[in-house]
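Please keep the sequence and the structure in view while reading.

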Amino acid sequence: MSTDARLTLITRPGCHLCEDAKVALDRVVAVTGDRWIEKDVTGDIELEREYGDRLPVVLLDGKEHGYWRVEEERLLRDLTTPQL
């Protein structure tokens, strides 16, 4: 298990899709042993500008992997495929 989170979930309070994404990420990391962190756009102008209309957003290794829904199979594949 890595000590650094490879996954970041960009969210905001009251977002029902964000709650669904948290559950999906928990399922994914239960398989991979990775961990994820959450960043709330509330009060962060840069995050709000970048992601405000597309929440939730999943970042993998700091790069956007998807938004609105977690594509669990794709994310599992991308987390477990060795990087070249």
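Which residues does Leu-25 touch, not counting residues up to four places away in sequence? In this predicted model, Leu-25 touches Leu-7, Leu-9, Trp-36, Val-70 and Leu-75.

**Nonpolar cores**
- The largest nonpolar core has 13 residues, and those that touch the most other members are Leu-7, Leu-25, Val-70 and Leu-75.
- Two or more residues of this core come from each of E1, H1, strand E3 (57-60) and H3, with H1 giving the most, 5 residues.
- Another core, of 10 residues, lies apart from it and includes Cys-18, Leu-47, Tyr-51 and Val-57.

**Helix H1**
- The end C-alpha atoms of helix H1 (residues 16-32) are 25 Å apart, which agrees with the 24 Å that its 17 residues should span at 1.5 Å a residue.
- The buried residues of H1 are Leu-17, Cys-18, Ala-21, Lys-22, Ala-24, Leu-25, Val-28 and Val-29, and what covers them includes strand E1 (7-11), strand E2 (36-40) and helix H3 (72-80).
- Just after H1, Gly-33 takes a positive phi of about 85 degrees.

**Sheet and packing of the helices**
- The 4 strands form an open sheet in the order E2-E1-E3-E4 with mixed pairing, in which E2 and strand E4 (63-67) are the edge strands, and the twist averages 25 degrees from one strand to the next.
- E1 and E3 pair in the antiparallel sense over 4 bridges, and the bridge partner of Leu-9 in E3 is Val-58.
- H1 lies across E1 and E2 and runs at about 170 degrees to E1, whereas H3 lies across E1, E3 and E4 and runs at about 15 degrees to E3.

Definitions and conventions
Residues are numbered from 1 along each chain as its sequence is written. This is a predicted model: local features need pLDDT of at least 70, side-chain atom pairs count only at pLDDT 80 or more; totals for chains, interfaces and linings use all residues. Side-chain values use heavy atoms; hydrogens and water are left out. The expected span of a helix is 1.5 Å times one less than its number of residues. Buried means under 20% relative accessible area, exposed over 50%, partly exposed in between (1.4 Å probe, protein chains only). Contact means heavy atoms within 4.5 Å. A nonpolar core is a set of buried Ala, Val, Leu, Ile, Met, Phe, Trp, Tyr and Cys residues joined through side-chain atoms within 4.5 Å. Two strands pair if DSSP finds at least two bridges between them. Axes are lines fitted to C-alpha atoms, for helices over the stretch in contact, and angles run from 0 to 180 degrees between N-to-C directions.
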